[in-house]
Amino acid sequence: MSKSAKDGKDGNRRRSFFARTPLSTLSSIHDSDSDKEKEPANILRKRRTISLLTNLSGSAQIGQDDTIPSVGASPASSARPPFARRGSGNRGSVFGSLRSLRSTDEHDESPTASSSRAPSVNWGPMDETLRNRHVLHHGEVQTSSSVFRKKKEYLVLTETHLVRFKSHHKAAETFNVIPSPIGRISTIRHSQNPSAGSSHEFQSAPSEASGDHDIGTPLRQVVALCHVDDGRPYFAIEISHLDDETNHASSMTLQFGDPEEMKTWLAKIRDAANKARLSDSNPLSAYNSHLAARVVERERDYVPPNYAIYKVVQRPLRKAGSRSSSDDLSKVTSTVCFLAIGVHKVHLIPLFKSPQRASSPSLVSYNTQASYGILNITELRVSENDDTFELTFRMPLQRPKVLYLASLASHDISVRLRYVEEILRPEWESRPYTFVVPDDVKRDILRNASPHPIDQDSLDRTLIGYCVAYDVNPENIRYQITYPPEDFPWFELLPPVGPRRSQYTVNELLAIMRSLRYNESFGGLSFKDVQLDALNGLMDTFGSEHVCTKTKRGTLVRMDAEELGRSCLLVQEIRALALTSRRLRRMDFSSCIIRKPRDYMETAGKARDIGCGIVEALFPLCKHQTTNVDWIVLNNIQLGETDLDYLVAAAVERVCHFRALEMSGCGLTDRSLSLILDSLRPQENTLETLDISANPFRLTPSTFDSQIGVFAFITKLNLAHVGRTSGAEPLISIETFQVWRLRELILSGTSLNAAMVDSIASYLVNYKQSKALRELRLDHCYLTGKDVAYLMHSMTEEPGKARDLHLDVSENNIEQYLDHLTTAIASGLAPSHLAIRLIEFEEENDFRQLMLALAINNTIRVLDISRASLPCEAEEETCQALEKMFAENKTLEYLDISGEDSRLETSKLGVGINKALRGLQKNSTLRVLRIQYQKLGLQGASTLADVLKTSSTIEELHCENNDIPLSGFTDLVNALHRNTTLTYLPAMQESRQMALKQTENQVKQMRDDGSLSPVKNSSVRAKITNKVVRKSSREKTLPMHLSNQDIKAALGLVDESWDRQIYRLEQYLQRNYNIAHGIPTAMEVDDEEFERPDTATSLRRVIEKVKYDSTPTMEKQVRLGELAEESQSETEISLAKEIEMSLAENRAVWSQSRFQQSG
């Protein structure tokens, strides 16, 4: 056996598991060990030699005359010893390579990058450079130990490097400030216990023994310093560093017997490394920076001003005080990676392949990076003693994910995360995470406070941040901001978008609700028609960081914290919305919960019903005065016994200050209604609105009048569609009415007897008390024309002077005593707004009489007579009366005369309305005209176009669903050339679809009819024989042969024609809008570039154009043959004519010659 082989064998036998081991990998993007084994030994040796030269030149500035350059060229280094090659392979054996422990006297081979011997370096030229460096700290430390021996080295810390020497003597020879060790005895006692290895190498670093080279580690390469606490009887520091040029990461462990000495070294190295890091203008190589930015950009999180990247160490999960065994070495080692902070996420990116190996950088294999939403952070802990920090992220309904990291930039990372989080969640008084950082980090956070207060874009930023964190698409969420008369602006959540989506997911609802916290922009929140059942009863048992326990002012909620945590997510989120906004006053949850509670009798002996959740969330807060919400809308939510308990418990407290309760369609019975009204008595001075409509109870007038009369300050009362017991007494007495100052009274669908009509009329007569009334809805209340006229007389203080009131008397029996109503209208007793919809006139004369009364009325400004039904189409006299109303009324500003076209009923006035519309040419007050579902067609569209040409007042014309063809729509658009006041005209999309359907059907019919018509041909001989001159082929009626592609082309031409007219319409409407708002604009609309004269405008031209531009297809081959034959036959016919003419001439000559002969 050769010596080299023997050495390799001995090395295998004496390997120790305390030797340096590769650190665990974060991903599979790096070269595997098998790839390293396949590389030639001289390549590995060359790389390591270069690394050695780089480190030496960076730390000691070796001169060109030193012996180091001869290392790579040494003959001994060209043949790598077997044990060296095997040492770089897999070290799965319990006994590691003895090469790192071997004495330098055993072998005399030349020093190489993989040699265990220290290189024989001439320190002469470098010595002067090192002597001039400032030494920050120095001393002897233990860098490794094993069962066979322990290893000590002498470390010298300068302002740029951490230099390691084999002995104190060599360090003193290099640095003048270090005293000579002669006559000195070290008093430091080091632990004799074995170590788990002193220098761990990361996945891409060459396998080298620790402590065998007197080389320096540049401080700019240091990533983190960690205090190692694994239960062993020594004190250790782990130093991780990364070579940015080669992406080689490794670590070194320093062991101390004295904790104070360890703390001194830790503080000194941290301070020097941080100074080196901050002074480095390029802390990351361009290669790594570019690839990391591409990874973040692929996650759609890269915005250069809001992007930062740091080098970190991902530490293993290791319990403090536990001892590690040799089997755990591959599990507990750390990993160097990059931590990037984007706009919405934190990205952990593994090291990229070395640029020396990867010729063309690619992100195809970089799929193992992990991304975490910044708004998912639940805990951030930064150590004061070393560079370690912990980040905890948690998705809703999932377990938390903890990242154990370390970095010199841990303070900067924490400040950056807090800064980005404050941008995404501005003005959050209570942050939903634990933030444990040193005091200097807190001071930096105060200095770098987010400069972004709540503005109009804050909601979008927060909502997108939560959507990204919760892995939902922000584009699925729709909302709008409205400005109602009270408590504006409102945030209104709309149903989700997307096919087959009827409700939001749990994460989408949580993202929406949490983004609305602490937002002082809205006075009202509306979740109307958005199902929230997904959150009702759902518990999140993995965390409670989003449970809100304080108000916006910081006042603690007077409720048990455990009770708050035990609530379902719906209760928690609604409570948080009500607690965290001081401006929020109104919350609308109409139709949000579709579940029905268990019946009261069924709950006996069973678990308590959970209720709808909304009442449980809001009413206890009102009870304890921890929210400003005082207007609660619960329409169309079935309330159970649990909900009633919470409602009653809060309502009996006078401090609640309820302003409005809307409980329409909540399933209230006689018992529950009586319970609620009695419990609301303490709110007599604050309750302004009460809505108990559409509930199955039956009101007893005497009892209800006493209950409702308590609330003296009520302004809106909705008693629509409720039942009452029979009797002659009014539902609400005159005395009760006289106390109120109502603004809105709704009795739709509730039967009103004569006593109730008298009570309402008496209230209207008292102008001082009822002058605030703006809405009186009495539709479908079984009133007659006489009753309506009686109310009009009561509400009018002076005939001819309109009262500002909206009176709705639709669906009543006004045909009875209609003359009383028409006389009141003609006398100027009607209010300013009148609605008489859905009236079925049994006699056409009644409708004519009403139109004549409206023609001379001078008080109505807004009139709705839509969906009126006549026994037949309007006669000539009725159309004249309607035309007179259009032409002579001088006060109407809004008119709705639409019909109805439903499956159950169709109502329209007939074609006579087209002539009646001409009366609008004389009208000078009408601004809005709604005339839908009246089958106007082309004639009606032309009439409206003539009206628009002369009208200077009409601003909106709603005429959709009238079967208006393209030519009629074109007439309307052309009329806008002269009209400068119209700002709304529909695009007639339903007529467009109808035109496309008709075109398709007619073209298919032409094709089918043409394919059945026969084609006859005659031969030349037959034509000559019979001497019959037939019509030319151009004069024949030829069959149509159109393909499906030609039909599509015809539809495309029709669609293009509509697009052209819609484009022109948009131009004209924009011009008129600018004129109306005083914006300078050109009067002429340039649409010539969009117009194309050869574009089809009618079905005939469509067919002609398709026929000329038809596409050759297989089905046209027969037709092409026929055309060729017909062309040939045309030539033959002309030839026959010539032959016939020649025969005639010859016959004439022959006859003439015979005549001469006979003469």
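Tutor: Start with a pair of helices: α27 and α28 are roughly parallel to each other. Here, angles under 35 degrees count as roughly parallel, over 145 as roughly antiparallel, 65 to 115 as roughly perpendicular, and the rest as oblique. Helices (H or I, at least four residues) and strands (E, at least two) are DSSP runs, numbered from the N terminus. The model is predicted, so local features need pLDDT of at least 70 and side-chain atom pairs 80 or more, while totals for chains, interfaces and linings use all residues. Residues are numbered from 1 along each chain, and side-chain values use heavy atoms, without hydrogens or water.

Student: At what angle do the axes of α27 and α28 cross, and how close do they come?

Tutor: Two packed helices are described by the angle and the distance between their axes. Helix α27 covers residues 844–856, and helix α28 covers residues 876–888. Their axes come within 8 Å and cross at roughly 20 degrees. Axes are lines fitted to C-alpha atoms, for helices over the stretch in contact, and angles run from 0 to 180 degrees between N-to-C directions.

Student: Which residues of α27 and α28 meet?

Tutor: Look for contacts, that is, heavy atoms within 4.5 Å. On the α27 side are Glu844, Phe847, Arg848, Met851, Leu852, Leu854 and Ala855. They meet Glu877, Thr878, Ala881, Leu882, Lys884, Met885 and Glu888 in α28.

Student: How many helices and strands does the protein have?

Tutor: There are 36 helices and 35 strands. Among contacts between residues at least 6 apart in sequence, 78% join residues at least 24 apart.

Student: In what order do the eight strands of the open sheet lie?

Tutor: Strands of a sheet pair through backbone hydrogen bonds, either parallel or antiparallel. Two strands pair if DSSP finds at least two bridges between them. Read the order as β11-β10-β9-β8-β14-β13-β12-β15, with mixed pairing. From one strand to the next, the twist averages 30 degrees.

Student: How do β8 and β14 run?

Tutor: They run antiparallel, joined by two bridges. Strand β8 spans residues 308–314, and β14 spans residues 401–406. Find Gln314: it stands opposite Leu405 in β14.

Student: Which strands does helix α10 lie across?

Tutor: Helix α10 (residues 286–298) lies across β8, β9 (335–341) and β10 (345–350). It runs at about 130 degrees to β10.

Student: Which way do β16 and β18 run against β17?

Tutor: Strand β16 (residues 478–482) is antiparallel to β17, with five bridges. Strand β18 (residues 524–526) is parallel to β17, with three bridges.

Student: How many residues of helix α15 are buried?

Tutor: In α15 (residues 506–515), 10 of the 10 residues are buried, and the helix is mostly covered. Among them are Leu509, Ile512 and Arg514. The cover includes α14 (458–469), β17 and α17 (569–579).

Student: What about one residue? Is Gln1061 buried or exposed?

Tutor: Gln1061 is buried, at a relative accessible area of 2%. It is found in helix α34 (residues 1044–1076). Beyond its neighbours within four places in sequence, Gln1061 touches Leu966, Phe969, Thr970 and Val973.

Student: Which residues have a positive phi?

Tutor: Most residues other than glycine have a negative phi, and most peptide bonds are trans. Leu397, not a glycine, has a positive phi of about 65 degrees. Leu397 is in the loop between β13 (388–393) and β14, and is partly exposed at 29%. Asp471, also not a glycine, has a positive phi of about 60 degrees. Asp471 lies in the loop between α14 and β16, and counts as exposed at 67%.

Student: Where is there a cis peptide bond?

Tutor: Look between Phe488 and Pro489, where omega is about -5 degrees. Pro489 is in the loop between β16 and β17.

Definitions and conventions. Buried means under 20% relative accessible area, exposed over 50%, partly exposed in between (1.4 Å probe, protein chains only).
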